[in-house]
Amino acid sequence: MQLRTKQLISGSAAMMLSLSALSVAAQASCANKSSIGVSRTITIDAAGGKLYGGLQYTAGDLLRDGEFILTFDDGPLRRYTRKVLAALKSHCTKASFFMVGRMAVADPAMVREVESAGHTIANHTWSHKNLQRRSARRAAGEIELGISAVRIAAQKPISPFFRFPYLADPKAMIAYGKSRDMAIFSIDIDSNDYKTKSPGRVYSTIMSQVRSRRKGIMLFHDIQRSTAGAMQRILDTMQREGFKIVHVVSKAPVGTIEEFDVQAQALHDKRRTVATAKAIGGGDYEKASRPRRTIRRTVVKSSDRKAIVSKAAAKRSNAFPSRTSAIAQPQIRPQPKADWRKNVWGNN
Ligand SMILES: [Zn+2]
């Protein structure tokens, strides 16, 4: 038994060594000779729950002097997420993307693009509601449908990292996150990119904090033009001034709950059906499915849910076992696309 434990330890030490060797190799092969790269990768064991980010939490300071973590919320949104990815790629560096489930359903290919570039995929709820203003049941539902929707889009398990919309963190939901072995990320440095369209403004807001604070979790939004336009210059300057980027990854992926997987899968399927119908010219299908009816039909009726869930349960082996009666599935109400984006993205 002792021998076995020893072997396990040396095994994980070997893995850590090979990981750091990989990161050095990645930097060495970077086409950009003045890239910021990834100075180190921190593997977070989120079991039992973790809290990071000095704005709200004092526990769990991950960083040393000169080290920063890049985080992007609210996406993906192709036209800006792509620009952010390009800037990160040119510096051979890695970030964490806290995605909104609804955005993932709208563009699952973009989720995969972020994932396959090696960035950490994390959750930012299903529809960016302020959980402070929701019952615990509904708030938990927002978190769970977000996890399932992003996970299905990624076609891979995702990290147990979570950020509250508007950084609004009710105590009950912090406790819930802990019960689900999630690492909750607040922030240290805010780009305030949603308040401006100017990349220059975001650049100076960020750089002044980088120089004065000298470490921290940085908050950007990859749905903001200002951030998309500023990212290259921010990384260029940080590299020139000797600052470092640290990549956070999770030891284990987040588990999902079957009934939310079922609901998220239905939403993904519906979106694909509508997209296919549009691609082949719509016609009768489009006429027959005005937004109101289209979206309503994506909600799994509670009478059907039991049957679907038990069917799905048979299929899924890695689903998170839980008493789900205490969690409400979000009601997907029809809302014009432009409206919800505008209403949602007023803040963090
Ligand atoms: Zn947000």
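Two residues are in contact when heavy atoms of theirs lie within 4.5 Å. The exercises below use a predicted model.

**Exercise 1.** Find out how far apart the end C-alpha atoms of helix H7 should be, and compare this with the model.

*Solution.* Begin with the extent of the helix, which runs over residues 199–213 and so holds 15 residues. The expected span is 1.5 Å times one less than the number of residues, and for H7 this gives 21 Å. In the model the end C-alpha atoms are 21 Å apart, which agrees with the expectation. Just after the helix, Arg 214 takes a positive phi of about 70 degrees.

**Exercise 2.** Determine which residues of H7 are buried, where they sit around the axis, and which elements they pack against.

*Solution.* First, list the residues of H7 that have under 20% relative accessible area; the buried ones are Val 202, Tyr 203, Ile 206, Met 207, Gln 209 and Val 210. Because they cover an arc of only 165 degrees around the axis, they lie on the same side of H7. Finally, follow the contacts of the buried residues, which pack against strand S3 (67–73), strand S8 (189–190), strand S9 (216–221) and helix H8 (225–240).

**Exercise 3.** Count the aromatic pairs, taking rings whose centres lie within 6.5 Å, and describe the pair formed by Phe 72 and Phe 220.

*Solution.* With this cut-off the count comes to seven aromatic pairs. The rings of Phe 72 and Phe 220 are 5.4 Å apart centre to centre, with 25 degrees between the planes, and because planes under 30 degrees apart count as stacked, this pair is stacked. The pair links distant parts of the chain, since Phe 72 belongs to strand S3 and Phe 220 to strand S9, 148 residues apart. Phe 72 is buried, with a relative accessible area of 0%, and Phe 220 also counts as buried at 0%.

**Exercise 4.** Classify the pair formed by Phe 162 and Phe 164.

*Solution.* The centres are 4.9 Å apart and the planes stand at 85 degrees, so this pair, being over 60 degrees, is edge-to-face. Both Phe 162 and Phe 164 are buried.

How values were computed
Residues are numbered from 1 along each chain as its sequence is written. This is a predicted model: local features need pLDDT of at least 70, side-chain atom pairs count only at pLDDT 80 or more; totals for chains, interfaces and linings use all residues. Side-chain values use heavy atoms; hydrogens and water are left out. Helices (H or I, at least four residues) and strands (E, at least two) are DSSP runs, numbered from the N terminus. Buried means under 20% relative accessible area, exposed over 50%, partly exposed in between (1.4 Å probe, protein chains only). The arc is that of the directions from the helix axis to the C-beta atoms. Rings of Phe, Tyr and Trp (its six-membered ring) pair if their centres lie within 6.5 Å; planes under 30 degrees apart count as stacked, over 60 as edge-to-face and the rest as tilted.
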